[in-house]
Amino acid sequence: MRDVHRLEPVSANLGSGTVLAAWERFVQGEDHIPDVRPLVAISWHRCREQYRVDPHLTEAPVAVAEPDHTPEHDVVFAELGFRAASVAHEVGSLGGVVTVADASGRILSEWGDQATLARAGESHLAPWFCWSECAAGTNGMGTALEAHGPVPIRGAEHWCQAFHNWVCAGIAVRDVVTREPIAVLSICCWRSRLPESAGSWLANAVTMTRYPLKRRARDSGAELVAACTQARARSGAALAAVDTAGKVVIADDMASVLMGVPACTPAVDPTLRWNPGLPELIAAARYATAQAAHNPDWVGSTQIFAHLADEPTSISIRPVFSSGHLIGHLVAFGAADGAQLPQVETSAHPRMQPRRLVAMRDNRLVLLRLPEVSFAESRGNDVWLSTDQGRLRAASPSLNKLEGELADAGFLRVHRRYVVNLGRIREIERGLKGELSLVMDDGTNEMVPVSRRNAPAVRRALDI
């Protein structure tokens, strides 16, 4: 859809043969489904194992809650609505509909062919109904909220059998700082393939929508640097400014050592900000973001394990606003001002503990029981699992996300690159300078290093 006036209908091929057969087997409990795209197979696994969506659901449920929308998000909705309306006639002429939904999967508005809109209403593909994966299973809108880039879902790839006659493609607009979804734009057709250019049009629409978000984020970064400079003049504590996702925008000399980032080096652009590699700090920042959204005067404190420290360090977190908009936080080390952060609530987006981990071998989906996994390692842009079936690439996009999913399942972060299964540690080796290494029970007795910062947590977990 680079040029919407060149959209032409394409004959349907909904994959009702091999994909439908794979869907039937997977619904019955089988895990080996080689004829299904990895993205779809992983989505099916979420629907069956995590969300427990009934595959025989006939219509999407009503959206039961209306999430909070910031003025910035309202701008995104308006921009997507403009772009959807501009292509509505061309999509409608092909028997399709265009929808805009929020981050919860709740459809806000739709345009397109009247006959298709009426048919869509029978499945509640209409405003005020929820199409997230946890509500309606695998679908263009809901699966796009779980992924990055355009997501096409064709025919029998839908988790719910009642939606197998639909072909959809969706793409999420994500916050440029937190990477959390804000909205999703999608195109749906009944029993016909999408135009070949649908994916490129969706991607272009989102790119254009993100421009003002990027500009606002750069401005906010500059304002955070200024706020940190002003606070530094009034305080002798080690001080840093982090954005709402916990990325470091600037840190003074002392804070830079504790956070493991360059000193006094502004990172205004959201794509260039420093990742401190401190999961507790990132969780605290996200918790502070959630609290400050409801109480602008909120100030909190907690303790974290900083770099080069064997004992936890107290920090105070103070939100920073610009024109009534939360842009980040000032983090003061050695301070304990404000309300104590409850440890059980440091994650703003808790997820259900998985019963199995999902990995990939070539184009095959591998479902692993947790005891089969010895450790996870971050390498480049991928996460690799050492398992009883060999070394496999994890479906999880980041080690931080995997750590959060396994936090209460006997797994522990022992290094910025490693999360280990505590039940698979065979031996502990102590180096000449007291550093620890874990000898894993994985067939090859591979050794996993323990960082100095994580050593106290390892000792506590293993009672040594």
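Helix α2 is mostly covered, with 11 of its 13 residues buried, where buried denotes under 20% relative accessible area (1.4 Å probe, protein chains only). The model is predicted, and local features require pLDDT of at least 70, side-chain atom pairs pLDDT 80 or more, while totals for chains, interfaces and linings use all residues. Residues are numbered from 1 along each chain as its sequence is written, and side-chain values use heavy atoms, without hydrogens and water. Helices are DSSP runs of H or I of at least four residues, and strands are runs of E of at least two, numbered from the N terminus.

The elements that cover the buried residues of α2 include α1 (18–27), α6 (140–146) and β12 (356–361). The 13 residues of α2 (residues 38–50) should span 18 Å at 1.5 Å a residue, and the end C-alpha atoms are 17 Å apart, which agrees; the expected span is 1.5 Å times one less than the number of residues. Just after α2, R52 adopts a positive phi of about 55°.

Seven aromatic pairs were found in the whole structure. Rings of Phe, Tyr and Trp (its six-membered ring) pair if their centres lie within 6.5 Å; planes under 30 degrees apart count as stacked, over 60 as edge-to-face and the rest as tilted. The rings of F26 and W159 have centres 6.0 Å apart and planes at 80°, so this pair is edge-to-face. The pair links distant parts of the chain, F26 lying in helix α1 and W159 in the loop between β3 and β4 (166–174), 133 residues apart. Both F26 and W159 are buried. Together with W44, F26 and W159 form one aromatic cluster.

Technical notes: Buried means under 20% relative accessible area, exposed over 50%, partly exposed in between (1.4 Å probe, protein chains only). Contact means heavy atoms within 4.5 Å.
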